[in-house]
Amino acid sequence: MVRVTRLDTGPCALFLKLESQNPGGSIKDRVGLSMIDAAERDGRLGPGGTVVEATAGNTGLGLALVARAKGYRVVLVVPDKMSTEKVLHLKALGAEVHVTRSDVGKGHPAYYQDLAARLAGDIPGAFFADQFNNPANPLAHERTTGPEIWAQMGHDLDAIVCGVGSGGTIAGLTRYFRAVRPELGFVLADPAGSIVAEYTRSGAIGTAGSWAVEGIGEDFIPSIADLSGVREAYSIDDTESFGTARELLRAEGILGGSSTGTLLAAALRYCRSRTKPERVVSFVCDTGTRYLSKVYNDQWMIDQGLLARHRFGDLRDLVSRRAEDGGVVSVAPDDTLLTAYHRMRLADVSQLPVLAGGSLVGVIDESDVLTRVHGHVDRFQDRVDAAMTDAPETLVPGAGIAEVEAVLDRGHVAIVADASGFHGLITRVDVLNHLRRSVT
């Protein structure tokens, strides 16, 4: 438990419980252990069994840590918006991962919970953990998380800021603190687009939208969720969530995930709204190392429209890696083709501008490299200027989208440059990102 000291918390003292320090890196380790222990005790999980679950990643990691150590097979279903780091971690633990759609709701055959339930029914000896309905989920927090918080805070606490994913955390903590401190209030942190915050305010179940934050927010009210202790509810949009997580790292040196940003943003709003001092606890729900390719990746944040940058009002706004921002990945004419290949792979791009003294002298793409080295692998040591296109067609920043599309239709990348210099490349993905941002 650490106190926030470098962010404005109003008259309140705000503390963060570092669930990111658990063995699997998240608060869901508690749930994974609790559900497997309960299933073994009542005979639902036996030797040679299979653990099946629908998860945003962290519950799956907690289950996989415990289940693999006990010799069980693990089959997990995750929505396709989950970070690459989570999926790779799950596979490294030996879990079988099924990635499914994140744009469908409960009742659709591709919805992650419905798909997991179906797989559990098809696999002999399978135990469907079903965190959304499993009483061992909130029990983990009633028996461990709650008592730990109470002890760490010296039995002096006024409010807890929680999110709702499966609902287990808020249900277990509500049950525990109702017994030891009934006047304690809960503050709900909910992603904008989720229906949970509005449900606590009005009792109405609205229409869910979409959000990029992982692990919390729902399009239904989980059966195990207990929202009776919620005092305030805040809807936090993705921009504020991701920005607050990044600010936590800069200010406090704490690396948390996207849901941590949502919780902290709500906690800061709550603390700053108080007129009298309160002692408030929230969570670093999981480690930010699971989101390096998202929350802490400027390029991804820009592509998603979550990181503000200067707007020019012309084609430069479509360029994801702008020269003006120092974001261009390039090669020099005298670099080797092997260097160009490695930079393409590292940056996950298929073409690179060739710059000499900051000026554009050519473009090289994967096909240029392949044509040069096919049948002659020693040519990877050739210079870039031996394979590049040295008279690339360029567009001025003031050109229109139609001109960009015409270049792309010819199989080329659109190069934005003018008398002031090279500004960047526009790919099909850049155009798609631009169009998507214009409708969200």
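How many residues line the second largest pocket, and which of them lie nearest its centre? In this predicted model, the lining of the second largest pocket is made up of 42 residues, and those that lie nearest the centre are Val349, Ser350, Gln351, Leu425 and Thr427. Several elements give two or more residues to this lining, among them helix H10 (298-303), helix H11 (337-347), helix H12 (366-373), helix H13 (401-409) and helix H14 (428-437), together with strands E11 (351-356), E12 (359-365) and E15 (421-426). The volume of the second largest pocket is about 1,100 Å³, and its lining, divided by class, holds 17 nonpolar, 14 polar and eleven charged residues.

Most residues other than glycine have a negative phi. Asp348 has a positive phi of about 55 degrees although it is not a glycine, and its place is in the loop between H11 and E11. With a relative accessible area of 69%, which is over the 50% cut-off, Asp348 is exposed. A further case is found in the loop between strand E6 and helix H5, where Asp130 lies; Asp130, also not a glycine, has a positive phi of about 50 degrees.

The search of the whole structure for cavities of 30 Å³ or more finds one, and the volume of the largest cavity is about 40 Å³. The residues that line the largest cavity are Ile302, Asp303, Arg309, Leu318, Val319, Ser320, Asp430, Asn433 and Arg437. At least two residues of this lining are supplied by each of H10 and H14, and H14 gives the most, with three residues. By class, the lining of the largest cavity divides into three nonpolar, two polar and four charged residues.

Strand E15, which gives two or more residues to the lining of the second largest pocket, also belongs to an open sheet of three strands, in which the order is E13-E14-E15 and the pairing is mixed. Strand E13 (394-395) and E15 each have a single partner strand and stand at the edges, so one side of each is left without a neighbour in the sheet. In general, the strands of a sheet pair through backbone hydrogen bonds, either parallel or antiparallel. E13 and strand E14 (residues 414-418) run parallel and are joined by two bridges, and Leu395 stands opposite Val416 in E14.

In helix H3 (residues 84-92), the buried residues are Glu85, Lys86, Val87 and Leu90, and they pack against helix H2 (58-69), strand E4 (73-79) and strand E5 (96-100). In helix H8 (residues 238-252) is found Arg246, a charged residue that is buried because its relative accessible area of 11% is under the 20% cut-off. When residues up to four places away in sequence are not counted, Arg246 touches Val295, Tyr296, Asn297, Asp298, Met301 and Leu307.

Aromatic rings were also examined, and the search of the whole structure finds seven aromatic pairs. One of these is the pair of Tyr111 and Tyr112, which is edge-to-face, with 5.2 Å centre to centre and 75 degrees between the planes. Both residues are buried, Tyr111 with a relative accessible area of 4% and Tyr112 at 11% relative accessibility. Tyr112 also pairs with Phe132: the centres of their rings are 6.3 Å apart and the planes stand at 90 degrees, which is over the cut-off of 60, so this pair is edge-to-face. The pair links distant parts of the chain, 20 residues apart, since Tyr112 is in helix H4 (residues 112-122), whereas Phe132 is in the loop between strand E6 (126-128) and helix H5 (136-152). Phe132 counts as buried, at 4% relative accessibility. Tyr111, Tyr112 and Phe132 form one aromatic cluster together with Phe220.

Key
Residues are numbered from 1 along each chain as its sequence is written. This is a predicted model: local features need pLDDT of at least 70, side-chain atom pairs count only at pLDDT 80 or more; totals for chains, interfaces and linings use all residues. Side-chain values use heavy atoms; hydrogens and water are left out. On a 1 Å grid over the protein atoms alone, a cavity is a set of points where a 1.4 Å probe fits but cannot get out, and a pocket is an open set with protein on both sides within 12 Å along at least five of seven lines; lining residues have an atom within 4 Å of a point. Grid points are joined across faces, edges and corners, and a volume is the space filled by probe spheres set on the points. Helices (H or I, at least four residues) and strands (E, at least two) are DSSP runs, numbered from the N terminus. Two strands pair if DSSP finds at least two bridges between them. Buried means under 20% relative accessible area, exposed over 50%, partly exposed in between (1.4 Å probe, protein chains only). Contact means heavy atoms within 4.5 Å. Rings of Phe, Tyr and Trp (its six-membered ring) pair if their centres lie within 6.5 Å; planes under 30 degrees apart count as stacked, over 60 as edge-to-face and the rest as tilted.
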